[in-house]
Amino acid sequence: MASAAEQLASNLNFSTFAKAEDLKKRLWFTLGALLVYRLGTYIPLPGLNPDAFAQAFQGQSGGILGLFNMFSGGAVERMAIFALGIMPYISASIIVQLMTSVVPALEQLKKEGEQGRKIINQYTRYGTVLLGVMQAYGIAVGLESGNGLVNDPGWFFRISTVISLLGGTMFLMWLGEQITSRGIGNGISLIIFAGIVAHLPTALAGTLELGRTGALSTPLILAIIVMVVAVIALIVFVERAQRRLLIQYPKRQVGNRMFQGDTSHLPLKLNTAGVIPAIFASSLLLLPATLAGFANTAALPGWATSIVSALGHGQPLYMVLYGGMIAFFAFFYTAIVFNPKDTADNLKKHGGFIPGIRPGERTAEYIDYVLTRITVLGAIYLIFVCILPEILIAQTGVPFYLGGTSLLIVVSVTLDTVAQIQGHLIAQQYEGLIKKSKLRGGKRGR
């Protein structure tokens, strides 16, 4: 079956795509939804002074606001109605995932299949609303504290800001679900992807302008391009890499017939945690610099100023802590999303076993042992991809706009979307083969 699918995938061509009407509708719907999202990032909040805010944002662009601005597609620097972006939903999803590991009731819901998943998704939506209200109110109060940022401060501005920002987040959450069900790819991931990619033309033009003015040498720009291509190739290779554990199923008898034992594989991804460790680590490390930026620098004690300076981009302490946090969250999040004991129990329930390993607890220990070893490699890979741009900026002063975290997201989302498109094309070709076989059978019957 696998070889037949691979053969079909290799035979896919433009004519197959031209006949896939459903796929084309899904692609047009996805593009239209992403266009709506991009338009929303240019609608400013009511009651805000855009020019004053743009000047104030420039001083904070290096902190956590810059990270959020990247994920929101520039909506933060314009303080648009989509400024919160989809981050409250992502935060709520992560919190609910963590709680499923410590709250027995949620853990039981997770095991109840589709019905349990719907209830957990509903809890995630409630969490999104709660986090969205808290963050939107904090933004409103922070804007009022700035000089000349708000035309008419007061409760009316706060309420309108909370409604606008929360409404923007809930609309994006709904839009992401619509893309997932009626379009192509994961809607939430594609929204983040669109926000990051939207900065690429400006970043490329800025880099070429630096080369034209002589600020960057031509060999250095070419070296950067080669490095980016090499890192993308590495990300593609590692994100598709798997450690496959051989699973065997014993012979079984159904009635008077004896069926041979089957074999399959349990795929363990090299980077099970995905991009979450990099997002967590960068958010935590950028928080001190952001708080110091909002506070009066002259009023900070000497030790606080020293810490903020040591945690700046490109500093040795920043890179050491960044790498350590990425490694910690890689193991922590892998332990949350993958439970070897549940996997071993499911294998035992269906009669499957790993050759040479006793079913049950010994299988869980073996899976955990293998997962720990490949997670070490996954953590090293994440550290390399995320630290490399920091070293480049520190040593050469190159304005590397596309950091490791954003590069990981862009490549991973592209791989997933292409895989879904290929899946639709394979299904289309399967349907065509089935129709042809039915027509041939009908002619023979006549």
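**The nonpolar patch**

- The patch covers about 510 Å² of surface and is made by Tyr-137, Val-141, Trp-155, Ile-159 and Ile-163.
- Helix α10 gives the most to this patch, with 3 residues.
- Trp-155, which has its place in helix α10, is exposed, because its relative accessible area of 56% lies above the 50% cut-off for that class.

**Confidence of the prediction**

- Averaged over the chain, the pLDDT is 79, and 80% of the residues score at least 70.
- Among the elements of the chain, helix α10 has the highest mean pLDDT, at 91, whereas helix α1 (residues 2–10) has the lowest, at 46.
- Over residues 1–10 the pLDDT is below 50, and in the model this stretch has 10 contacts beyond near neighbours in sequence.

- The whole structure holds 5 salt bridges, one of which joins Glu-144 to Arg-158, with the closest N and O atoms 2.8 Å apart.
- Because Glu-144 lies in helix α9 and Arg-158 in helix α10, this pair ties together parts that are 14 residues apart in sequence.
- Glu-144 is buried, since its relative accessible area is 17%, under the 20% cut-off.

**A salt bridge between a strand and a helix**

- Lys-269 forms a salt bridge with Glu-239, and the closest N and O atoms of this pair are 3.9 Å apart.
- Lys-269 belongs to strand β4 (residues 263–269) and Glu-239 to helix α13 (residues 218–240), so the bridge ties together parts that are 30 residues apart in sequence.
- Lys-269 is partly exposed, with a relative accessible area of 36%, whereas Glu-239 is buried, with a relative accessible area of 11%.

- Glu-365 forms a salt bridge with Arg-362, and here the closest N and O atoms are 3.4 Å apart.
- Both Glu-365 and Arg-362 lie in helix α18 (residues 361–396), where they are 3 residues apart, about one turn of the helix.
- With a relative accessible area of 40%, Glu-365 is partly exposed, whereas Arg-362 counts as exposed at 52% relative accessibility.

Definitions and conventions:
Residues numbered from 1 in each chain as written. Predicted model: local features only at pLDDT ≥ 70, side-chain atom pairs only at ≥ 80, totals over all residues. Heavy atoms only, no water. Patch = residues over 30% accessible without salt bridge, like charges linked within 9 Å, V, L, I, M, F, W, Y side chains within 5 Å. Areas by Shrake-Rupley, 256 points an atom, 1.4 Å probe, with all protein chains shown as cover. Salt bridge = Lys/Arg side-chain N within 4 Å of Asp/Glu carboxyl O. Helix = DSSP H or I, 4+ residues; strand = E, 2+ residues; numbered from the N terminus. Buried < 20%, exposed > 50% of the residue type's maximum accessible area, 1.4 Å probe, protein only. pLDDT = per-residue confidence, 0-100. Contact = heavy atoms within 4.5 Å.
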